[in-house]
Amino acid sequence: MTDFSLSETLDRIRAHSPFLNQALNREKDLAEDPAAALDDPLAAARASASDQPIARQLRIERRRLALIAAIGDLSGAYDFDRVSRLLSDFADLALDRAIVAAIRERTPDAPVRGFAALALGKQGSRELNYSSDIDPILIFDPETLPCRPREAPEEAAVRIARRVLELLQSRDGDGYVLRVDLRLRPSPEVTPIALPVDAAISYYESQALPWERAAFIRARAAAGDLALGQHFLDAIRPFVWRRALDYGTIREIQEISRRIRDHYQQGQRFGPGYDLKRGRGGIREVEFFAQIHQLIHGGRDPALRAPATRDALAALAGAGRIDPDETAALDAAYVLLRTIEHRLQMIDDRQTHTLPSDPAALDHVARLHGVADGAALIALLQPQVERVGRIYDALAEAGGGGVSSDPDLLGERLAKAGFADAETPRRIIDGWRGATYPALRSPASQGALEAVLPVLIDAFGTAPDPQHAITRFDAMLKRLPSAINIFRLLEAQPALTRLLSTILSHAPTLAEQLGRRAELLDGLIDASAFAPMEDGAALAKAMTAAERGADYQWQLEHVRRLVNEKRFALGAQIVAGTSDPLDVSAGYARVAEAAIQVLAAATVEEFAGQHGRVADSELVILALGRMGGAALTHASDLDLIYLFTGDYAAESDGRRPLGAVTYYNRLAQRVTAALSVPTAAGPLYEVDTRLRPSGTQGPLSVSLEGFAAYQEKDAWTWEHMALTRARPVYGSEAARAQVEAIIARVLHGARPERDILADARKMRADMAAHKPPIGPLDAKLLDGGLVDLEFAVHVQQLCHRTGFNPRLEQAIDALVGQGLMPASARTAHDFLTRLLVTLRLVAPDAQPPGENTRALIARALGLPDWEAVVAALYATRQEVRDCWAAIQAGN
């Protein structure tokens, strides 16, 4: 907007705004020197009314502030954000002073506490209109609210609330302070105007309607007892910001938008008479656009929970959730539409949002804004309104009409979608419609089913294997307690539905997980689900994040939920073809290591609460096998050894002291349970501790001294082979260094002299006899598979006392560099590992999969087709066999 001189601004006010002109006539000091008031508008508003009764003070201050804000706005001295914040700050102050006055009039000596106003709507986001009402919810604490003798807190709260409304809404010759609308409180037709805080919390946790969740996006404690207000908002935050979002909320917002367009149809068409707030392409659609995306993503990303519309748009764009160009267009339109809305309301201090149909009245609005006439104003607004309308329309729900229940028409629809055999999916859909499963028996679930069916049919019909996709989805529905949320999620996210169909076509392992926890799909909404897995520190931080008052059980659930989400996302990366299986394997290991660190730390603290700590001692966890090598599959268990530092004869210092050996063995049992026991959030990992000293015959946890003595004197060759993959994953840096020093000493020769090759040859033969391959594609146990390659590596390491690295690929590189293994060994390792990681997801039985899944496997291995996969497996196995044979011959 063009800047104008203050004198020119006053001329426009007098010519085009009866309300502001009257205010100029009454507030002579502001008319004579408006510049002085613009520096500190709230102080200037209070300057002439401080000696009046509170009601008159507030009315005069409001009139003066309205004039100051208008002058600042119309002159260009204030931008839109400052104007709306100024109006909102005054509303907060006025509401707070009214609450203070209402309490002190009744109980002069009591502290002002136990009564709070929660600002919702535009007051909550500090975006008030020039002539806006406010939409607070009034709450009170019966325990702390000041009451008169023999007065029930409920009665006192209602009387205070009525006095607050009287102070703010009553009109006289000085005008009024604020219009107040209390209808956003729960069930306003039957509830008192002030609500007990615990009852209000209970309502929002159990009974609230979907639209009420969106209303609280912009809520804040604005007046009265702010600590009470914040307590309420903290308590209902999980209701507002849900990680597993009920997409019914989003549908509700979009339905509200449609109802508004229908109800205010007269104001939908752009031109004179257009409704700036409710019209197509208007203010409300910009706000709804931001709120819908906040509800989708804000449960997982607190940075997106900005109350103000412009801040929300900026945060969403900054996080890559919405298009930057659309963001800029919506932001510019929002500022212009809200500014013209202010102009409409400045004319007569009326809460209107509609452009005048009368040409002369429209000219007044235009000229007050500083443009030539109504036609120029319409021309200014039109491109912005049209762009907003197009952007919001594109956000409309997916789906293009219902699906017929007529068998012939349904069969035609399925065939057209891509099902070669329409009979099987038709029977499945008929079963859904017949409420075959518990999840489908409510009217709401049937309605959600009909809404999503077009999306499902189109996605499954174009899936790599339509029959597999729909039958596995059917099996998933059979296990779900409720299907409403997943139906609404898929309806709102067609791209996610297509990804789901791909997962169901190829990955029975992931499909089974979805059957247990359908909300795992939520994690795939974000593009970040297909980015490389975060590093260990970031993962541990996310798993450690705790809610206020969270206990040990909450931590267990939280870690399980995040681990399962991350593992599912990593599997989806392979199915979607967005990541190398080697990177996914490393990602699985980083997730597991973070879980070990977080759950071990939480268990140590929980255990210490009962038994104290052992002085100068700590738990250390040693990972072996694939976990030690930081290369897991989706199905890997965790090979762990529990150790402890310090004096094994010491005793803990808690109220229930234990000797160190007993202390750490019980602690190790607790850590194992924390990592392995299933909870409501699902299972976590199988933990295998059989690699500890003396195996299952030995204690679960041993001292470092005992571990070192065993490895140096008693351990067998197979245990030293396992030690080559050992890596500390929990413990202080000093403790880890101690363990690493013991391992290095043992591997480099401080161990019994044994015939390593003979032992290894016998072990491999025993393994082949007792644990044969499960199928023709078992990349691990087949002759010439990963196990043979591992044996070859470990024999060379132990015989030559070199090349030690828990990460197998790096150990191979070191041995190749020293001429102890052929260069082809690294290529064989990478191929077999990629194959193993992929097959654990898509063919866990190691049997040849269907044609479509074969193509996925080839893509994951970087090969052109299935024939190339079979040929590469044959050639790789031969190379590994040759390598292992050469090592046996050479040693």
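**A tour of charged side chains**

Begin by selecting arginine 656, which is placed in the loop between strand 7 (638-644) and helix 30 (660-676). The model on display is predicted. Arginine 656 is partly exposed, its relative accessible area being 46%.

The tour now turns to paired charges. Side chains of opposite charge can pair when their charged atoms come close. The model holds 49 salt bridges.

Select arginine 26 and aspartate 174, whose side chains meet in a salt bridge at 3.0 Å, N to O. Arginine 26 belongs to helix 2 (residues 18-26), while aspartate 174 is in the loop between helix 9 (153-169) and strand 3 (179-180), so the pair ties together parts that are 148 residues apart in sequence. Arginine 26 is partly exposed at 39% relative accessible area, whereas aspartate 174 is buried at 9%.

Next, select arginine 62 and aspartate 349, a salt bridge in which the closest N and O atoms are 2.9 Å apart. Arginine 62 is in helix 6 (residues 54-75) and aspartate 349 in the loop between helix 16 (324-348) and helix 17 (359-369), so that distant parts of the chain, 287 residues apart, are linked. Arginine 62 counts as buried, with 9% relative accessibility.

Finally, select arginine 764 and aspartate 788, which form a salt bridge with the closest N and O atoms 2.4 Å apart. The pair joins helix 34 (residues 756-770) to helix 35 (residues 786-800). Aspartate 788 is buried, with a relative accessibility of 3%.

Definitions and conventions
Residues numbered from 1 in each chain as written. Predicted model: local features only at pLDDT ≥ 70, side-chain atom pairs only at ≥ 80, totals over all residues. Heavy atoms only, no water. Helix = DSSP H or I, 4+ residues; strand = E, 2+ residues; numbered from the N terminus. Buried < 20%, exposed > 50% of the residue type's maximum accessible area, 1.4 Å probe, protein only. Salt bridge = Lys/Arg side-chain N within 4 Å of Asp/Glu carboxyl O.
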